[in-house]
Amino acid sequence: MEVNCEDCAGCCIDWRALSPEPSDHERRGPRTPLDDAYNLVPLTRDDARAFLDAGLADALTPRLWRDGDGVEIDGVPVAAVDDRPVFFLGLRKAPKPVAPFGADPTWLPTCAFLDPTTLQCRIHDADVYPEECAEYPGHNLELGSETECERVEAAFGGDRLLDDDPPADLSALLLGPQALGQKVFAFPDSDRLSGVVGRAERGELTADDRTLFVAAAVAAAPGTATVNRERFERALDRAREADSWVGRAVPDWEDRADDAGAPAPDPGVADRVEGERGAPQTPGWTE
């Protein structure tokens with residue numbers, strides 16, 4: 001598998017405002033996400049633990065789904081297993097001034113870890129780099145499903161997917177029951193989400209809301225909907241202590257940003273918003 005990522009970051013940016021025919025591939029089928037994030041990367045339980053250990057719990061956010069056959073919370077029917085709401089845990093998005101695909105700087109929802117200047121990931125190859133990011137688009141290729149590389153090619157031209165052979169060392173796909181407790185998590189107490197689901201639907205999750213889901217993922221038991229209650233409370237305390245550069249930069253970006261697709265300032269403003277708060281540097285592209 002070989003991809004051309006320079007000047008792209010299509011899998012890290014919600015670039016639909018730049019495209020005359022935007023994709024909505026995540027919102028097909030009987031269950032639709034409550035959030036409006038594009039290409040939310042599903043983290044594994046091990047990923048969640050690594051972020052918690054690194055003090056980056058405030059960089060994570062949940063995804064719940066609307067499901068008419070699920071459990072109702074705040075008047076919203078959400079997907080559930082045994083009356084326990086289920087969710088993904090992913091990386092937060094922030095509006096950033098980016099210029100992918102040769103475009104002028106534009107405000108677009110962007111992964112919290114993407115450097116707007118280099119269009120590279122600030123945690124690439126770090127201990128917390130998510131497994132799904134490291135292997136993308138390997139699982140898509142193995143399943144024969146469209147990749148973000150191909151969507152970018154169709155929308156903007158160029159060559160992004162240079163080799164469509166899945167890597168030989170690709171991790172096991174987590175689908176169906178085997179994903180439970182490892183990539184799809186069950187929240188142990190639906191009553192504790194009173195108010196939270198309503199805020200999720202409105203796009204108004206608080207920092208404390210998000211820590212609940214981090215703790216549930218960390219305390220999950222693989223292959224089951226079980227959550228260890230003592231481990232959950234310990235993880236919740238630690239998640240609430242997180243005060244990373246990501247958690248401090250996202251509100252700053254939100255205060256600065258215009259609507260998605262609007263002209264933006266030079267991406268170099270990230271030096272102040274993220275760099276001065278301790279964000280890791282990226283190497284840049286070499287010839």
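User: Why is Asp7 called partly exposed in this predicted model?

Analyst: Asp7 has a relative accessible area of 32%. Buried needs under 20%, exposed needs over 50%, and partly exposed covers what is in between. So 32% makes Asp7 partly exposed.

User: Where is Asp7, and what is its phi?

Analyst: Asp7 is found in the loop between strand 1 (2-3) and strand 2 (32-33). Its phi is positive, about 65 degrees, although Asp7 is not a glycine.

User: Is Phe101 buried or exposed, and why?

Analyst: The relative accessible area of Phe101 is 17%. The limit for buried is under 20%. Phe101 therefore counts as buried. Its place is in the loop between strand 8 and strand 9. Phe101 is not a glycine, yet it has a positive phi of about 60 degrees.

User: What makes Glu132 count as buried?

Analyst: Its relative accessibility is 16%. Buried means under 20%, so Glu132 qualifies. Glu132 is found in helix 2.

User: Which residues is Glu132 in contact with, leaving aside its neighbours within four places in sequence?

Analyst: They are Val41, Pro42, His139 and Lys183. Contact here means heavy atoms within 4.5 Å.

User: What kind of peptide bond joins Tyr136 and Pro137, and how do you know?

Analyst: The bond is cis, with omega about 0 degrees. Pro137 lies in the loop between helix 2 and helix 3 (138-143).

User: How do you know that the buried residues of helix 1 are on the same side?

Analyst: Start with the list. Helix 1 (residues 45-53) has Arg45, Asp47, Ala48, Phe51 and Leu52 buried. These residues cover an arc of only 160 degrees around the axis, so they sit on the same side of helix 1. An α-helix has 3.6 residues a turn, so residues three or four places apart point the same way.

User: Which elements do the buried residues of helix 1 pack against?

Analyst: They pack against strand 3 (60-63), strand 7 (84-91), helix 2 (131-135) and strand 13 (185-186). Helix 6 (207-218) and helix 7 (229-240) are also packed against them. Just after helix 1 comes Gly55, with a positive phi of about 75 degrees.

User: What about helix 4: which residues are buried, and why are they said to be on the same side?

Analyst: In helix 4 (residues 148-156), Glu148, Cys149, Arg151 and Val152 are buried. Their arc around the axis is only 160 degrees, which puts them on the same side of helix 4. The buried residues of helix 4 pack against strand 1 and strand 12 (161-163).

User: Why are strand 8 and strand 9 called paired?

Analyst: Pairing needs at least two bridges. Strand 8 (residues 93-98) and strand 9 are joined by 6 bridges, so they pair. The two run antiparallel.

User: What makes strand 9 mostly covered?

Analyst: Strand 9 (residues 106-111) has 5 of its 6 residues buried.

User: How do the residues that line the largest cavity divide by class?

Analyst: They divide into 2 nonpolar, no polar and 4 charged. Asp, Glu, Lys and Arg count as charged, so Asp189, Arg192, Arg229 and Glu233 belong there. Phe and Pro count as nonpolar, so Pro188 and Phe232 do too.

User: What lines the second largest pocket, and which element gives the most?

Analyst: That pocket has about 970 Å³ of space. It is lined by 43 residues, and the closest to its centre are Asp36, Thr61, Lys93, Gly203 and Glu254. Helix 6 gives the most to the lining, with 4 residues. By class, the lining has 21 nonpolar, 4 polar and 18 charged residues.

Key
Residues numbered from 1 in each chain as written. Predicted model: local features only at pLDDT ≥ 70, side-chain atom pairs only at ≥ 80, totals over all residues. Heavy atoms only, no water. Buried < 20%, exposed > 50% of the residue type's maximum accessible area, 1.4 Å probe, protein only. Arc of directions from axis to C-beta. 1 Å grid on protein atoms, 1.4 Å probe; cavity = no way out; pocket = protein on both sides within 12 Å on 5 of 7 lines; lining within 4 Å. Points joined across faces, edges and corners; volume = space filled by probe spheres on them.
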